[in-house]
Amino acid sequence: MRYISTRGQAPILNFSHTLLTGLAEDGGLYIPETWPHLSHNDLRELRKLDYSELAAKIIGLFTGDDIPAPILLDLCKQSYANFNHKAIVPLVQLEHNLFVQELFHGPTLAFKDMAMQLLGRLFDYVLSQREEHITIVGATSGDTGSAAIEAFKDSKYLTVTILHPYGRTSEVQRRQMTTVLSPNINNIAIKGSFDDCQDLVKSMFADMPFRKEMHLSAINSINWGRIAAQIPYYIYAALCLGAPDREISFTVPTGNFGNILAAWTAKKIGLPIRFLGVASNHNDILTRFLLNNDMSIQEVKPSLSPSMDIQISSNFERLLFELLDRDAAQCCQIMQNFRKDGKMNIPEQSWTKATQNFKGMSLNNEETKKAITKIFKDSLYLADPHTAIGIITAQKYLEKDVPMVTVATAHPAKFPDAIKQATGILPPLPLAMADLYERKENYQILPADLQAIENSVRTVAYQNNF
Ligand SMILES: Cc1ncc(COP(=O)(O)O)c(C=O)c1O
Ligand SMILES: N[C@@H](CCOP(=O)(O)O)C(=O)O
């Protein structure tokens, strides 16, 4: 399996190199050169597998010969062994044809664990084979950071610096990151938004001498490894609900567009998905795009669903590349103009193609609170604010004959204030995290200044004998 950049000017890489490279050198995102395909018979065969086995089969389509199949299977088994639900990604039925797939039973209580637990092991495997050390830099609006820190905290092959927007995550999210005191972990709160954090990460990758000196890699969904590991749960849910012999739809609480791009990839490789619902908060650039072909950047406003407080959704570039029939030069031009003008100019026929696959909906804070209350009253289901927006989107587009699944992206206990306001209930943290508020925190607060961040990344790397 080979990977090409959406901007067409970076070396073509195999899976391991793509994993270690993160962002392509031309600023684009790596994507498979050709799509694998699963026939309906192939899909039916997968029904007998448990989640780890299915994950190994699907992810194996993207790792190719790079990771031997028995090793990948073993890594998948290890990754999901410490989840606190036997089904790993259980389905809960809310009403006729409407289901929630809970992706938050991993160690940090968000869907990010699904990919990050495996990525930690894949990085260690690849780096131990090559006897290399690398430096990971990542941006988070709350959940990617905690999942990455949990997954990478014991690695002797890498250091991890995570940038989060100062004061804009929930307290639980911040503490999950900043109370991990391993020497290879570096937490920085940036005075700015998630988009500023993500821009700083991309700027570090664009600084070629720094990138080469530090052997930078990424754990955000700009890294194809993340997307590959997020595809299996869509296939697993669909098979449980009758696919490939019936269609299925999903709604996905969306920010950086990684999770829904994984769902779109599942469709691309053969899963019969009717449509995908993009659920957003008042940072609604994707809804505006789907309704009016208006992809214009507005100021990021804090919300009750902070993990989706994003305007520049990195993975949209992968979809754009496909919508443009893989015209890398045009994709590059559109992306460069987008950053220059703050507005993306997408050809009408490409936009129409997008609207055939995706539907959008956004809720503001008041509507989000009402959604949590209503879902709890109607179905006795406590949905976190992100998932609640996904469920309302699902209800809006529910069709009588097609099962619809909302992916539940976080445990409600990660956002206790919003849940308390909406239902009066304070969801308790699981036992393993019960003392989270007493644990010592360690993080720096820095301005959105590239030089200051690079100095910090370098210091931690060298302190760890990089
Ligand atoms: C709880 C939660 N829901 C939804 C999202 C949005 O997912 P994505 O960035 O893959 O679109 C995130 C962050 O990624 C999240 O942490
Ligand atoms: N919501 C995310 C933002 C980063 O998304 P990623 O999937 O690209 O890592 C977060 O929780 O950090």
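This report describes a sheet, a lysine with a database annotation and the surroundings of a ligand in a predicted model.

Residues are numbered from 1 along each chain as its sequence is written, while chains are lettered from A and ligands numbered from 1 in the order in which they are written. Because the model is predicted, local features need pLDDT of at least 70 and side-chain atom pairs count only at pLDDT 80 or more, whereas totals for chains, interfaces and linings use all residues.

**The sheet**

Six strands make up an open sheet of mixed pairing, in the order β3-β4-β14-β9-β10-β13. Strands (E, at least two residues) and helices (H or I, at least four residues) are DSSP runs, numbered from the N terminus. Two strands pair if DSSP finds at least two bridges between them. At the edges stand β3 (91–95) and β13 (358–362); each has a single partner strand, so one side of each is left without a neighbour in the sheet. From one strand to the next, the twist averages 25°. Two of the pairings are set out below.

| Pair | Sense | Bridges | Opposite residues |
|---|---|---|---|
| β10 and β13 | parallel | five bridges | Val-278 and Gly-360 |

Strand β13 is mostly covered, with four of its five residues buried. A residue is buried if 20 or more other C-beta atoms, placed from the backbone, lie within 10 Å of its own. Helix α13 (residues 285–292) lies across β10 (273–280) and β13, and runs at about 130° to β13. Such angles run from 0 to 180 degrees between N-to-C directions, with axes fitted to C-alpha atoms, for helices over the stretch in contact.

**Lys-112**

In an unreviewed entry, UniProt lists Lys-112 as "modified residue: N6-(pyridoxal phosphate)lysine"; such annotations may be inferred rather than shown by experiment. Lys-112 is placed in helix α5 (residues 112–130). It counts as buried because it has 32 C-beta neighbours inside 10 Å. Apart from its neighbours within four places in sequence, Lys-112 is in contact with Asp-143, Thr-144 and Ala-147, contact being a C-beta distance within 7 Å.

**Ligand 2**

Around ligand 2 there are 13 residues, of which Thr-140, Asp-143, Thr-144, Ser-221 and Asn-256 come nearest. A residue is near a molecule if its C-beta atom lies within 6 Å of it. Helix α6 (residues 143–152) gives the most to this shell, with three residues. The shell holds no nonpolar, twelve polar and one charged residue; Asp, Glu, Lys and Arg count as charged, and Gly is among the polar residues.

Technical notes: Buried ≥ 20, exposed ≤ 12 C-beta atoms within 10 Å, placed from the backbone. Contact = placed C-beta atoms within 7 Å.
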